[in-house]
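Please open the model in your viewer and keep the selection tool at hand. The tour goes from one selection to the next and says what is to be found at each stop.

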Amino acid sequence: AYIMFTSGSTGIPKGIVHTHDSGNAYARLSVRQYGITADDVLGAHSPLHFDMSTLGYLSIPLAGGCAVIIPDAYTKFPASMSQLMQDERMTIWYSVPFAIIQLMSRGGLESRTLEALRWILYGGEPFAPRQVRELLDLLPAVKVSNVYGPAEVNQCTHFTVPSDITGTEESIPIGHACTGNSALIVDDHDARIETGEIGELLIASPTMMQGYYRRSELNRACFHEADGTRYYRTGDLASRGPDGLLYYHGRKDQQVKIRGNRVEINELENLVMQNPAVDEVAAYQVGKGTERERIEISVLLRHGAELDTRQVLDQIALLFPAYARPESIVVRSEFPRTASDKIDRRKLASNTIAS
């Protein structure tokens, strides 16, 4: 039915081959999951080459709803985008957290009449609990859900954030596997691991791709058979909590070791994001394999906010061993981003972006 290419930010772009079966399965799953009807109006924020666009191009037409394709100019001016949301009476919004953060900070949401809006979906990257709490305060009548799923399987897990979230939680879960999907967490030897332990997340789903376009070697490596079921290796690290919910712990291929010591990058980011002055944070490894091998942290600040970087570094020193502590925190005016608006940590690590 279609081939969607990855951004190539972590290597050579891969063509993800989806069939009519997988595309149709995703459309039906999401229509059922969110109760989409002909009365719904979606803000189609994602570009066509990004897998989040499938909600607008597959699911909404299946239900007979309307997808408002947002011009690029609106994405650069959040106040104009929120005005468009009001004028078009959008009922569902789906984007990466970055776009929502922009709407919250510069979109004037508090002055808009968005009574038609019923659901905000986000995915692609983690969204800080503190910011999700602020979003719920701004739009108390709106449901907010964390949607997880690599482009290879479309959407496969879902978690609706409870209205009583405090904002002090360490992270937002990615939830439970959607109806008809199965989630498996394994160690480096493909053995199932226990609740609470971190391993690679594998997904079996009718929404799964057929394979990578003309990449037979990748296809042999990316699938796993267990109990007669074919799973896709997401390359993401996850754990299952005592409540049965799945929690995301970053990318397996972004695991960082400093002089042989493993550093939990996502835990560093979660700690820094608790500071109310910070809008976004990225931790990454620089100088890999050299004497200057270290962790670096960059942040974007809220408009008009100031950050006491020494205080944050002192906080990190209380919780992390010496090898995991950054020497400084870089305050930047912007982050390099992939075509889908995710933070491009690879470019940050190469030190090619001026602070």
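The stops below cover a helix and then several salt bridges in this predicted model.

Begin by selecting helix 2, residues 54–63, and colour its buried residues, which are Thr54, Leu55, Gly56, Ser59, Ile60 and Ala63. If you look down the axis of helix 2, these buried residues fall within an arc of 160°, so they line one face of the helix. Next, show what covers them, which includes strand 1 (2–5), helix 1 (20–34), strand 3 (41–44), strand 4 (66–69), strand 5 (92–95) and strand 6 (119–122).

Now turn to the salt bridges, of which the count comes to 16. Select Arg89 and Glu115, whose side chains meet in a salt bridge at 2.6 Å, N to O. This pair links distant parts of the chain, 26 residues apart, with Arg89 in the loop between helix 4 (78–87) and strand 5, and Glu115 in the loop between helix 5 (97–106) and strand 6.

Move on to Arg332 and Glu296, which form a salt bridge with their closest N and O atoms 3.7 Å apart. Here Arg332 is buried, with a relative accessible area of 7%, and Glu296 also counts as buried, at 10% relative accessibility.

Then select Asp314 and Arg310, another salt-bridged pair, both of which lie in helix 9 (residues 309–319), four residues apart, about one turn of the helix. Asp314 is partly exposed, at 41%, and Arg310 is partly exposed, at 48%.

Finish with Glu125, Glu269 and Arg345, which are linked in a network of salt bridges.

Technical notes
Residues numbered from 1 in each chain as written. Predicted model: local features only at pLDDT ≥ 70, side-chain atom pairs only at ≥ 80, totals over all residues. Heavy atoms only, no water. Buried < 20%, exposed > 50% of the residue type's maximum accessible area, 1.4 Å probe, protein only. Helix = DSSP H or I, 4+ residues; strand = E, 2+ residues; numbered from the N terminus. Arc of directions from axis to C-beta. Contact = heavy atoms within 4.5 Å. Salt bridge = Lys/Arg side-chain N within 4 Å of Asp/Glu carboxyl O.
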